[in-house]
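Me: I am new to this structure and would like to learn how to read it. Could you walk me through it, feature by feature?

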Amino acid sequence: MQKLFESALIALDAIWSWKLRSLMTVLGNIVAVTSIIAVVSLIMGLNASSKQAILNQAGAHSFNVLHCSIIRIC
């Protein structure tokens, strides 16, 4: 337990002594996660928008399926 506490103190001391480096690391992580969320949201929105545009243009009643046999011409 004492080793864990000592390790935590060493880590906090390193963070406190390198304030700018710690700040830049945290800022980089925030920017990376935010950009990934933005790109995924943009792709999902474009997929939904294109799906809706196709359904609005074609519609569910736009296609007729006709069954024809080989012998008889429709």
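**Reading the helices and the surface**

Reply: Happy to! This is a predicted model.

Me: How many helices and strands does the protein have?

Reply: There are two helices and zero strands. One of the helices is α2, which covers residues 19-58.

Me: Is α1 covered or hardly covered?

Reply: A residue is called buried when its relative accessible area is under 20%. In α1 the count of such residues is zero out of 16, so the helix is hardly covered. Across the protein's 74 residues, 1% are buried.

Me: What does the accessible surface come to?

Reply: About 7,500 Å², with 71% of that belonging to carbon and sulfur atoms.

Me: Which residues form a nonpolar patch on the surface?

Reply: Look for Leu 20, Leu 23, Met 24, Leu 27 and Val 31, which together have about 520 Å² of accessible area. Leu 20 belongs to helix α2. Its relative accessibility is 61%, and exposed means over 50%, so Leu 20 counts as exposed.

Me: And how do I read aromatic rings?

Reply: For a pair of rings, you describe the distance of the centres and the angle of the planes. Here the number of aromatic pairs is zero.

Me: Where does the charged end of Lys 19 sit?

Reply: You will find it over the ring of Trp 16, 4.7 Å from the ring's centre. Arg 21 lies over the face of Trp 18, with 5.9 Å to the ring centre.

Notes:
Residues are numbered from 1 along each chain as its sequence is written. This is a predicted model: local features need pLDDT of at least 70, side-chain atom pairs count only at pLDDT 80 or more; totals for chains, interfaces and linings use all residues. Side-chain values use heavy atoms; hydrogens and water are left out. Rings of Phe, Tyr and Trp (its six-membered ring) pair if their centres lie within 6.5 Å; planes under 30 degrees apart count as stacked, over 60 as edge-to-face and the rest as tilted. A charge sits over a ring if NZ of Lys or CZ of Arg is within 6 Å of the ring centre and within 35 degrees of the ring normal. Patches are made of residues with over 30% relative accessible area and no salt bridge: like charges are joined within 9 Å, nonpolar side chains (Val, Leu, Ile, Met, Phe, Trp, Tyr) within 5 Å. Accessible areas come from the Shrake-Rupley method with a 1.4 Å probe; for residues, only the protein chains shown count as cover. A salt bridge is a side-chain nitrogen of Lys or Arg within 4 Å of a carboxyl oxygen of Asp or Glu. Helices (H or I, at least four residues) and strands (E, at least two) are DSSP runs, numbered from the N terminus. Buried means under 20% relative accessible area, exposed over 50%, partly exposed in between (1.4 Å probe, protein chains only).
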